[in-house]
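Q: I would like to learn how to read pockets, cavities, helices and disulfides in a model. Can we go through them one at a time?

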Amino acid sequence: MKVGAWVRGGVLALGLAGVPWAAFVEAQTAQPAAFRVGFSMDSETRAPLTVAFTAQAPTEYRVEWDFGDGTGATGARTSHTFYRPGRYTVRARLLDTRGQVQATASGPLTVLSSGPERAEAVVLLGRGEVRLSAAGSVAYTPGTPTLLLDGRPVGAGPVPIAAGEHRATVRVPGEGGVLERTVTFRTAPLPGSVPFETEVLRLTNQARARGYNCATGREGGPALPPLTRDPLLEVAALAQSAGMALHGYFDHQSPVDGSTPWRRVQATGLRARASAENIAGGQTTPEEVVQGWLRSPGHCRNIMGDFKRIGVSYVNRPETTYGRYWTQVFATLEGE
């Protein structure tokens with residue numbers, strides 16, 4: 001039997017308390033007390049970088065944004081993708097009902113390089129279906145990825161698929177031309193158990209409610225709120241259990257497509273500010289696997305972590321190395 005744990009905090013959020021960008025509001029006339037600005041982005045700050053901008057201002061006022069790369073937007077909430085690395089000066093202006101500027105905000109935003117452009121392909125295996133994604137690709141120009149399954153264009157949603165060997169290709173427009181990545185994978189029936197997965201969730205939330213102490217191995221500490229089962233985290237969890245069961249590995253990083261837990265969460269379309277993953281192989285019951293995780297400090301910290309959502313998966317393939325594969329994926333989304 002084996003267990004494995006992984007965790008990542010992913011989003012940096014800054015507002016007036018964050019100082020690096022937002023302690024800068026300068027009044028043009030009488031500054032409205034409610035005008036506040038901030039932003040959130042991936043903590044690695046590497047291009048292409050999508051940044052979510054927010055402004056708190058009186059509802060009758062208008063907020064205009066200048067992103068420093070020749071583009072802008074209007075609205076109290078907006079997002080923008082910086083495709084190229086560099087240092088940008090972002091500006092926000094607060095305009096009253098007559099169009100006169102009442103306050104401005106400006107500050108630097110540094111976007112780091114992600115290295116050479118490249119296409120990445122993420123394969124999220126499911127039961128009789130698959131989802132493909134270009135998450136993790138690096139292209140320093142706007143463009144829409146093309147996803148191909150066995151040479152046939154498909155969308156990002158679940159695609160029905162028959163058992164056997166398959167080929168996934170991602171093509172991404174880049175500055176120097178089209179970038180391409182192809183991976184091969186196999187699919188087969190993935191027997192599971194809904195009652196087993198439900199019980200893993202119940203036992204996990206029970207440990208949180210009883211304040212399980214990861215250092216002492218005892219209950220009685222501060223209670224934590226229950227985790228909510230999220231359908232897209234279920235997709236990421238099943239993809240991990242299925243990948244291990246079908247391709248004969250036990251690792252958080254898939255040797256099939258190179259994806260990490262963080263990238264698999266991204267590939268579902270979720271925007272998480274933190275995520276973690278627990279995996280296990282060989283345990284025969286939900287009680288056995290949850291107790292094993294709780295007795296392991298790293299896994300226990302994930303279970304008792306500051307997360308809001310969870311995905312759970314169980315796959316039973318007796319002919320494989322461990323036979324039974326379990327995965328938990330935890331996350332807190334941006335804005336939660």
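Q: What volume does the largest pocket have?
A: This is a predicted model, and the values here are computed from it. The largest pocket has a volume of about 1,300 Å³.

Q: Which residues lie nearest the centre of the largest pocket?
A: Start from the lining, then pick out its centre. The lining of the largest pocket counts 38 residues. P48, A135, G136, S137 and Q266 lie nearest the centre.

Q: Which element gives the most to the lining of the largest pocket?
A: Helix α3 does, with four residues. At least two residues each come from β4 (36–42), β5 (49–56), β16 (164–174) and α3 (261–267).

Q: How many residues of the lining of the largest pocket are nonpolar, polar and charged?
A: The lining of the largest pocket has 18 nonpolar residues, twelve polar and eight charged.

Q: Which residues line the largest cavity nearest its centre?
A: V123, A239, G243, Y249 and S254 do, out of 13 lining residues. The largest share is that of α2, with four residues. By class, the lining of the largest cavity holds six nonpolar, five polar and two charged residues.

Q: Helix α2 deserves a check of its own. How far apart are its end C-alpha atoms?
A: Helix α2 covers residues 231–247, which is 17 residues. At 1.5 Å a residue, the helix should span 24 Å. Its end C-alpha atoms are 24 Å apart, so the two agree.

Q: Is α2 mostly covered or mostly exposed, and how many of its residues are buried?
A: Helix α2 is mostly covered, with 15 of its 17 residues buried.

Q: What caps the N-terminal end of α2?
A: Look for a side chain that reaches a backbone nitrogen. Here D230 is the cap. One of its side-chain oxygens lies 2.8 Å from the backbone nitrogen of L232. Past the other end, just after α2, G248 takes a positive phi of about 70 degrees.

Q: Now the disulfides. Which residues form a disulfide?
A: A disulfide is a covalent bond between the sulfur atoms of two cysteines. A search of the whole structure finds one. C214 and C300 form it, with sulfur atoms 2.0 Å apart. The angle about the S-S bond is -85 degrees, and the link is left-handed.

Q: Which parts does the pair of C214 and C300 tie together?
A: Place each cysteine in its element. C214 sits in the loop between α1 (194–209) and β18 (228–229). C300 sits in helix α5, residues 297–303. The pair therefore ties together parts 86 residues apart in sequence.

Q: Is C300 buried or exposed?
A: Buried means under 20% relative accessible area. C300 has 0%, so it is buried. C214 has 24%, so C214 counts as partly exposed.

Q: Last, S296. Where is S296 found?
A: S296 is in the loop between α4 (286–295) and α5. Its relative accessibility is 17%, so S296 counts as buried.

Q: With which side chain does the side chain of S296 make a polar contact?
A: With that of H299, at 2.6 Å.

Note on methods:
Residues numbered from 1 in each chain as written. Predicted model: local features only at pLDDT ≥ 70, side-chain atom pairs only at ≥ 80, totals over all residues. Heavy atoms only, no water. 1 Å grid on protein atoms, 1.4 Å probe; cavity = no way out; pocket = protein on both sides within 12 Å on 5 of 7 lines; lining within 4 Å. Points joined across faces, edges and corners; volume = space filled by probe spheres on them. Nonpolar A, V, L, I, M, F, W, Y, C, P; charged D, E, K, R; others polar. Disulfide = S-S within 2.5 Å. Buried < 20%, exposed > 50% of the residue type's maximum accessible area, 1.4 Å probe, protein only. Expected span 1.5 Å × (residues − 1). Polar contact = N/O pair within 3.5 Å; in protein donor to acceptor, adjacent residues only side chain to side chain.
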